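Dear colleague,

I am handing over the structure below, and after it you will find my notes on what was found in it. Please read the notes with the coordinates open beside them.

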Amino acid sequence: AGIAVSGATDAARAAAALILTEPGLGVIIKAIETARQIFERMTSYVIYRIAMSMDIMVFVVLCMILFPKVIPLTPIMIIALALLDDIPIMSIAYDRTPISPTPLRWRMGRVLGISSVLGVFALGQTFLLFCIGFNKLKTGGAIAGVPITPDILQTMTFLQLVIGGHLLL
């Protein structure tokens with residue numbers, strides 16, 4: 001790749017693939033560091049997104065199979081979850097990502113492994129809370145003095161998924 005430094009001639013700038021606007025080559029080092037931080041942030045985003053998608057999608061499918069007469073989430077709740085899950089993701093852009101001393105590349109086995117473990121734990125929490133609520137609904141019980149109705153069970157599940165997603169991040 002051709003690189004033209006600050007103050008280069010017009011011919012050098014025209015032939016270069018990269019034109020540095022500040023004096024010196026230190027700009028290249030800063031660009032590499034920034035690129036490595038961005039890559040780490042993208043990895044964090046992918047891990048979070050896969051884990052949350054597993055939690056929500058597998059939970060809804062399991063509930064439809066195991067509890068066919070109970071609707072765990074309404075379509076509006078699922079859309080709201082998609083929107084509310086994007087709020088904590090914005091914090092990834094501002095985290096203090098360490099700069100890797102070596103070049104980075106996608107290690108999909110690692111990414112899928114971490115996100116699967118996190119997704120299974122999140123799914124376990126959500127499903128356990130739903131089962132506790134469903135048991136109280138069936139027996140006419142209460143949690144913390146609040147009688148469990150189908151609407152309360154949906155709200156509990158929705159809040160678990162929202163808060164669990166924020167805590168997962």
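Helices here are DSSP runs (H or I, at least four residues), numbered from the N terminus.

Before going further, please note that this is a predicted model, in which local features need pLDDT of at least 70 and side-chain atom pairs count only at pLDDT 80 or more, while totals for chains, interfaces and linings use all residues. Residues are numbered from 1 along each chain as its sequence is written, and side-chain values use heavy atoms, with hydrogens and water left out.

Leu123, which lies in helix α5, counts as buried at 15% relative accessibility, where buried means under 20% relative accessible area, exposed over 50% and partly exposed in between (1.4 Å probe, protein chains only). With neighbours within four places in sequence again left aside, Leu123 is in contact with Asp55, Val58, Phe59 and Leu62.

**Aromatic pairs**

The structure holds seven aromatic pairs, a pair being two rings of Phe, Tyr or Trp (its six-membered ring) whose centres lie within 6.5 Å, with planes under 30 degrees apart counted as stacked, over 60 as edge-to-face and the rest as tilted. One of them is the tilted pair of Phe67 and Phe134, at 4.5 Å centre to centre and with 50° between the planes. This pair links distant parts of the chain, since Phe67 is in the loop between α2 and α3 and Phe134 is in helix α5, 67 residues apart. Phe67 is buried at 13% relative accessibility, and Phe134 is buried with a relative accessible area of 17%. Phe59, Phe67, Phe127, Phe130 and Phe134 form one aromatic cluster.

**The largest pocket**

The largest pocket holds about 180 Å³ of space. A pocket is defined on a 1 Å grid over the protein atoms alone, as an open set of points where a 1.4 Å probe fits, with protein on both sides within 12 Å along at least five of seven lines, and lining residues have an atom within 4 Å of a point; the volume is the space filled by probe spheres set on the points, which are joined across faces, edges and corners. Its lining consists of Phe39, Glu40, Thr43, Thr102, Pro103, Leu104, Arg105, Trp106, Arg107, Arg110 and Val111. Two or more of these residues come from α2 (26-66) and from α5 (108-139), and α2 gives the largest share, three residues.

**Two further residues of α2**

Gln37 lies in helix α2 and is buried, with a relative accessible area of 19%; it touches Thr97 and Ile99, not counting residues up to four places away in sequence. Met42, also found in helix α2, is partly exposed, with a relative accessible area of 40%.

With best regards

Key: Contact means heavy atoms within 4.5 Å.
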